Amino acid sequence: MKKDTNDVIIKALKELINGGHAHATFEDAVKELPAKLRGEVPENMPYSVWQLVEHIRITQWDILEFSRNPKHQSPPWPEGYWPKEHAPKDANAWKESIAQVNRERKEFLKLLDEPGVDLYTPFEHGSGQNLLREAMLIADHTSYHTGEIIVLRRLLGAWD
């Protein structure tokens, strides 16, 4: 593939992962959510905003580590990807979870910037996954659950 074509794809992947073009960003979705609502589970919903934030964090961490470490062991599915607690233990846990999502997103984006990055060849580990697939998976997964965070905030009366 021509280098400039690869550059175009990488630029598009970065924009997709960072979000914000066709929908709200993760940062927008969690910004200024009152602490008392972080662990609230609206009627007929299966989880809280906190559980969604943690699910995004855990899943993104797993995809990042899988993409850069052939010895990485993923958590058991599905229980290893969802916190049991409805609410963070304190404001620091909330801030740290969001900070980790942001840090590890940047770490994943660094993989796309590595010299000679190969988006298409399957990893030697796994079952055929490649960096392109993992980048799209992070973008898709985070976007989906960010939308759910916004729905929960609407149900909780905390979204304009």
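## Basis of the report

Contact here means heavy atoms within 4.5 Å. Helices (H or I, at least four residues) are DSSP runs, numbered from the N terminus. The model is predicted: local features need pLDDT of at least 70, side-chain atom pairs count only at pLDDT 80 or more, and totals for chains, interfaces and linings use all residues. Residues are numbered from 1 along each chain as its sequence is written, and side-chain values use heavy atoms, with hydrogens and water left out.

## Helix 4 against helix 5

In helix 4, Phe108, Leu111 and Leu112 meet Leu131, Glu134, Ala135 and Ile138 of helix 5. Two packed helices are described by the angle between their axes and the distance between the axes. Axes are lines fitted to C-alpha atoms, for helices over the stretch in contact, and angles run from 0 to 180 degrees between N-to-C directions. For helix 4 and helix 5 the angle is about 150° and the axes are 11 Å apart. Helix 4 is therefore roughly antiparallel to helix 5 (angles over 145 degrees count as roughly antiparallel, under 35 as roughly parallel, 65 to 115 as roughly perpendicular and the rest as oblique). Their crossing is left-handed, a term used if the near helix is turned anticlockwise from the far one by less than a right angle; clockwise is right-handed.

Helix 3 has 20 residues and spans 29 Å from its first C-alpha to its last, close to the 28 Å expected at 1.5 Å a residue; the expected span is 1.5 Å times one less than the number of residues. Of its 20 residues, 18 are buried, and the helix is mostly covered. Buried means under 20% relative accessible area, exposed over 50%, and partly exposed in between (1.4 Å probe, protein chains only).

The axes of helix 3 and helix 4 come within 9 Å and cross at roughly 30°, which makes the two helices roughly parallel. This crossing is left-handed. Residues making the contact include Trp50, Glu54, Arg57 and Trp61 of helix 3, and Trp94, Ser97, Glu104 and Phe108 of helix 4. Glu54 of helix 3 is buried, with a relative accessible area of 9%. Leaving aside neighbours within four places in sequence, Glu54 is in contact with Pro83 and Ser97.

## Aromatic pairs

The structure holds four aromatic pairs. Rings of Phe, Tyr and Trp (its six-membered ring) pair if their centres lie within 6.5 Å; planes under 30 degrees apart count as stacked, over 60 as edge-to-face and the rest as tilted. One of the pairs is Phe66 with Phe123, edge-to-face because the ring planes are at 75°, with centres 5.6 Å apart. The pair links distant parts of the chain, 57 residues apart: Phe66 is in helix 3 (residues 49-68), and Phe123 is in the loop between helix 4 (91-113) and helix 5 (131-155). Phe66 counts as buried at 14% relative accessibility, and Phe123 counts as buried at 17%.

## Backbone exceptions

Most residues other than glycine have a negative phi, and most peptide bonds are trans. Trp77 and Pro78 are joined by a cis peptide bond, with omega about -5°. Pro78 is in the loop between helix 3 and helix 4.

Glu32, not a glycine, has a positive phi of about 60°. Asn44, also not a glycine, has a positive phi of about 65°. Glu32 lies in the loop between helix 2 (26-30) and helix 3, and Asn44 lies in the loop between helix 2 and helix 3. Glu32 is exposed at a relative accessible area of 71%, and Asn44 is exposed at 72%.
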